[in-house]
Amino acid sequence: MLVSAKEMLAKAREGKYAVGQFNINNLEWTKAILLTAQECNSPVILGVSEGAGKYMCGMETVAAMVKAMDESLGITVPVALHLDHGSYDGCYKCIKAGFTSIMFDGSHFPIEENVAKTTELVNVSHALGLSIEAEVGSIGGEEDGVVGAGECADPNECKMIADLGVDFLAAGIGNIHGKYPENWAGLSFETLEAVNKAVGELPLVLHGGTGIPDDMIKKAISLGVAKINVNTECQLSFQEATREYIEAGKDLQGKGFDPRKLLAPGFEAIKAKVKEKMELFGSVNKA
């Protein structure tokens, strides 16, 4: 049974560890993440961008697949199905489809409009038992057409959004989506400390978890981060494993590749990467 992310992140914040959000893009990714969470006895959040949802034939298809897979695999650890960087309309589509958690990314709106839309979605989500994430200060890089330069969040604006009743908050602290450039200045812990102080015990979210040094990850967790998003590292691991299989020429005597065997190395690579991150985040045996 899928659950909202509220309780798992409150426990993570209190226990000084973080729950991983791993974005799903197809059946293999979903199965790999669910099985690894079960093996590690770790809570997990399955993130779905609007682009990935469209690729998988809509959010209703995604929700049906995840719910059926969760049951058929006998998964007993807490699993939240979460919309990642959702638009206003996208949030309502996922609520209707049966997601258990949503993120409304209103960071590109003027703060007054962000507040108004977030307030509405908080009320709707909580009435249905869903958890909701909001964002202040855009995350650098690009994801599904949403571009941010990595601006650091204003702690006062963070408090304003936190006071609306959101369950967890993504605050820009110099983090970016995708691979980090060599001249990246690192996370702004000064900003994170100020945001943490402003919002009290509200769990914080670190987007763009790929490539951040381990010591920075652990320091961020110590300062209130309870959810860390990982996508690019999984994509790169999946790509490399699949490429190696193709280059090895393991087709069916010139008839092409068995798709199940072709995707198997990528499946195992995803499992290994998710386990590595769960161990780093400290969520193993926290289900």
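In which helix is Thr191 found? Thr191 lies in helix 8, which covers residues 189–199; helices (H or I, at least four residues) and strands (E, at least two) are DSSP runs, numbered from the N terminus. The structure is a predicted model, in which local features need pLDDT of at least 70 and side-chain atom pairs count only at pLDDT 80 or more, while totals for chains, interfaces and linings use all residues. Residues are numbered from 1 along each chain as its sequence is written, and side-chain values use heavy atoms, with hydrogens and water left out.

Thr191 counts as buried, because its relative accessibility is 13% and buried means under 20% relative accessible area, with exposed over 50% and partly exposed in between (1.4 Å probe, protein chains only). Leaving aside residues up to four places away in sequence, Thr191 touches Cys152, Ala153, Gly172 and Ile173, where contact means heavy atoms within 4.5 Å.

We can turn next to the interior. A nonpolar core is a set of buried Ala, Val, Leu, Ile, Met, Phe, Trp, Tyr and Cys residues joined through side-chain atoms within 4.5 Å. The largest such core has 74 residues, and Val48, Leu81, Phe99, Leu169 and Leu206 have the most contacts inside it. The partners of Phe99, not counting residues up to four places away in sequence, include Val48, Leu81 and Leu130. A second, separate core of 13 residues includes Ala5, Met8, Leu9 and Ile45.

Leu81 also belongs to strand 3, where Val79, Leu81 and Leu83 point one way and Ala80, His82 and Asp84 the other, all of them buried. Strand 3 (residues 79–84) pairs with strand 2 (residues 44–49) in the parallel sense over six bridges; two strands pair if DSSP finds at least two bridges between them. Leu46 stands opposite Leu81.

Helix 6 (residues 111–127) has 17 residues that should span 24 Å at 1.5 Å a residue, and its end C-alpha atoms are 24 Å apart, which agrees. The expected span is 1.5 Å times one less than the number of residues. Among the buried residues of helix 6 are Ile111, Val115, Leu121 and Val122, and what covers its buried residues includes helix 5 (88–97) and strand 5 (131–136). Just after helix 6, Gly129 takes a positive phi of about 80°.

Finally, the structure holds zero disulfides, a disulfide being a pair of cysteine sulfur atoms within 2.5 Å. The sulfur of Cys91 is 7.1 Å from the closest cysteine sulfur, in Cys94, so the two are too far apart for a bond.
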